[in-house]
Structure formats: C-alpha cells, structure tokens
Amino acid sequence: MTHRSIFAAATVLLLASAAPALAQQAVPAPADNNQIADEFDKDTVTVGVGAAYLPDYDGSNDYRVVPAPVVIGSVKGFNFSVIGNRASLDLARNQPGQRWDIQFGPIGVVNFDRQSPKNIDDLRVRALGKIDTAIELGGYIGLGKTGVITSPYDKLSVSISMRHDVNNVHKSSILQPSINYLTPLSRKAAVALFGTAQYVESGYGATYFSITPAQSLASGLPTYSTGKGWKNYSVGGLATYSLTGDLLHGFKLVAGGTYSRMLGSFADAPIVRIAGSRNQWVGAAGVAYTF
C-alpha cells in the first residue's frame with residue numbers, strides 16, 4: 001500500500017462519516033429530530049476530484065503531484081468507497097440513530113509503487129527497474145462509536161485489515177491496524193485525525209526494499225536484503241468545509257496531510273537511507289459534491 005492509499009483511506013473516513021454533522025446545530029425539538037432521522041436514512045453519493053502531493057516511491061525524498069479522484073456513498077445503509085487506488089465496501093448495514101457501528105467487508109488496493117520508473121527523479125532508484133502493478137485483495141473488520149468526546153455526534157473507530165497480492169508481484173500479505181476520530185464543528189465543517197501502521201511479509205520487503213547484486217551494479221546502491229516486519233506508521237489530519245448547503249448536500253472543500261515514518265530494516269534500506277528519507281509527507285486538497 002502506497003502513501004497515496006493512506007491519504008485515500010483518511011479521505012474516506014472524513015467524507016463517509018460526516019453525516020452526523022448535520023445534527024450538530026439542530027434545535028432539540030421533535031420536528032427537527034424527525035427531520036434529521038429522515039436525512040440519515042437517505043442514500044447519498046459524494047464525487048470529488050483533487051490533487052495529492054506525495055513521494056515518488058515508498059521511501060523517497062522526491063515528490064510529485066498526482067490527481068486524486070473520489071467516489072463514496074451510502075445506499076440503503078451500506079457504505080462504499082472508490083478513492084484513487086483503493087476500494088472498500090461495508091457489508092454491515094447502518095441504521096438511523098445507531099451509536100455503535102460494526103464494520104466489515106472486502107477491500108482492494110492497486111499498488112503502483114515503482115511501477116513507472118520514469119516518474120522517479122532519483123536515477124539510482126530508477127535504475128533498479130520496474131516493479132509490476134500488484135493487486136492486493138482482502139478484508140477488514142472494525143468497530144465505531146458515535147458520541148464519545150466532544151459531542152453526541154463525533155465518532156471514534158478502530159479497524160484492522162489484511163490484504164494479499166493476488167497477481168504474484170510480491171506474493172505476500174499486508175496487515176494494517178487503524179484508528180480514526182472525526183468530529184463535526186458545525187453543519188458545514190468537520191475535522192478528522194487518524195493513525196495507522198503496516199506490517200508486511202517477507203515477499204513485500206524483498207520486492208520493494210531489497211537490492212540484488214545485478215541491481216547494485218546498475219544503480220550504484222549497495223546490495224541489501226530485508227524481510228518481514230513493521231514497515232511504517234502514519235498519522236495525519238483532515239478538514240472539510242461546505243461551500244453550499246451542508247455536509248450532506250452540495251459542494252465542499254477537503255484538505256489534509258499525512259506524516260509517515262519508515263521503521264526497522266525498511267528504514268535502513270538503501271532506497272530510503274541513502275537515496276530517500278525515513279520521513280514521508282503527503283498533502284492533498286480538492287473539491288467534492290454530495291448528491
């Protein structure tokens with residue numbers, strides 16, 4: 001999973017969970033409560049486009065700008081998302097007014113890391129050669145609670161996912177625990193914080209971080225071998241503000257960023273320690289419309 005996916009996951013958190021913000025400034029009268037319940041029960045789809053500023057590869061200190069498309073929604077209580085290179089579906093149906101949210105379902109990630117050497121500025125890493133696109137499929141399970149800290153409408157969620165490469169590029173699995181917190185500030189604004197980490201198997205480490213003697217000769221980087229372990233952790237935040245309507249309707253701005261730190265043998269890999277950086281940053285901004 002690249003840093004692009006990390007930011008995409010956070011975007012899903014912010015936009016897909018923003019529905020309770022409609023109630024933040026509601027007057028607690030019976031008529032308003034009925035109206036809010038009706039809004040919760042409606043299907044919604046959010047479509048967005050933006051730009052993301054991210055590393056050339058996982059561990060790079062060179063950056064580039066790429067498009068960041070977003071499609072998320074909830075139909076008959078089932079949440080789904082297709083954002084950038086990541087897609088997920090929550091098979092646990094949500095009910096209006098529920099406080100506890102059980103989450104589980106399939107996820108898929110298309111891993112483009114080092115798939116296009118021409119987009120890598122560092123000539124040494126470019127000389128290591130192309131890595132084919134990996135298709136990682138799996139599932140996740142999680143639990144969310146609405147009304148925990150700042151108001152009856154904020155939400156704290158924890159989850160864990162497992163994906164496996166199904167087209168034999170790195171032939172291994174990725175385990176990823178996550179924690180997310182979102183709070184509405186008004187009918188128009190919301191902010192979110194999140195943290196996540198990735199544990200990868202040896203095939204992943206060998207494919208993306210090891211350097212063979214032939215690659216060393218071509219690139220000038222020393223040979224290196226790494227296996228399984230915790231690859232990195234990431235923390236970040238996001239904010240959204242409605243330009244028209246509220247968080248459930250109309251146009252909105254979305255912006256945020258992520259800091260990641262490479263760990264262990266992955267941080268010591270030559271593509272990180274010599275050619276790149278242990279510290280990784282991602283920033284993104286865009287506009288979205290909710291139907």
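**Secondary structure and overall figures**

I counted 7 helices and 13 strands in the protein, taking both as DSSP runs numbered from the N terminus (helices are H or I of at least four residues, strands are E of at least two). The model is a predicted one, in which local features need pLDDT of at least 70 and side-chain atom pairs count only at pLDDT 80 or more, while totals for chains, interfaces and linings use all residues. I number residues from 1 along each chain as its sequence is written, and side-chain values use heavy atoms, with hydrogens and water left out.

I looked up burial next: 49% of the 291 residues are buried. Here buried means under 20% relative accessible area, exposed means over 50%, and partly exposed lies in between (1.4 Å probe, protein chains only). The accessible surface comes to about 12,700 Å², and carbon and sulfur atoms hold 62% of it; the areas come from the Shrake-Rupley method with a 1.4 Å probe, and for residues only the protein chains shown count as cover.

Residues 24 or more positions apart account for 64% of them.

**Nonpolar cores**

I then searched for nonpolar cores, meaning sets of buried Ala, Val, Leu, Ile, Met, Phe, Trp, Tyr and Cys residues joined through side-chain atoms within 4.5 Å. The largest has 21 residues, of which Val 125, Tyr 208, Phe 209 and Ile 271 touch the most other members. Helices α4 (202–208), α6 (264–267) and α7 (270–273) each supply at least two residues of this core. Another core, of 6 residues, lies apart from it and includes Ala 52, Leu 54, Val 66 and Ala 68. I note as background that in soluble globular proteins nonpolar side chains tend to be buried together.

I listed the contacts of Ile 271, leaving aside neighbours within four places in sequence. Among them are Tyr 57, Asp 58, Gly 59, Arg 114, Val 125, Leu 128, Tyr 208 and Phe 209.

**Salt bridges**

My search of the whole structure found 6 salt bridges, each defined as a side-chain nitrogen of Lys or Arg within 4 Å of a carboxyl oxygen of Asp or Glu.

I examined Lys 231 and Asp 58, whose closest N and O atoms are 2.6 Å apart. This pair links distant parts of the chain, 173 residues apart: Lys 231 is in strand β11 (residues 229–242), and Asp 58 is in the loop between β1 (44–55) and β2 (63–67). Lys 231 is buried at 0% relative accessible area, and Asp 58 is buried at 2%.

I found Arg 163 and Glu 136 joined at 3.0 Å, N to O. Arg 163 belongs to strand β8 (residues 155–165) and Glu 136 to strand β7 (residues 134–146), so this bridge links distant parts of the chain, 27 residues apart. Both residues are buried.

In a further bridge, Arg 64 and Asp 56 have their closest N and O atoms 3.8 Å apart. Arg 64 is partly exposed at 23%, whereas Asp 56 is buried at 5%.

**Aromatic rings**

I paired rings of Phe, Tyr and Trp (its six-membered ring) if their centres lie within 6.5 Å, calling planes under 30 degrees apart stacked, over 60 edge-to-face and the rest tilted. The count by this rule is 7 aromatic pairs. Tyr 259 lies in strand β12 (residues 250–262) and Trp 281 in strand β13 (residues 279–290), so the pair ties together parts that are 22 residues apart in sequence. Tyr 289 and Phe 291 also have ring centres 4.8 Å apart, but their planes are at 75°, so that pair is edge-to-face. Tyr 289 is partly exposed at 29% and Phe 291 is exposed at 56%. I noted that ring pairs link Phe 251, Tyr 289 and Phe 291 into a cluster.

I also checked for charges over rings (NZ of Lys or CZ of Arg within 6 Å of the ring centre and within 35 degrees of the ring normal). Lys 145 lies over the face of Trp 100, at 5.5 Å from the ring centre.

**Positive phi**

I looked up Lys 76, a residue other than glycine, and found its phi positive, near 55°. Lys 76 sits in the loop between β3 (70–75) and β4 (78–83) and is exposed at 55%. Lys 171, also not a glycine, has a positive phi of about 55°. I placed Lys 171 in the loop between β8 and β9 (173–184), where Lys 171 is exposed at 57%.

How values were computed:
Contact = heavy atoms within 4.5 Å.
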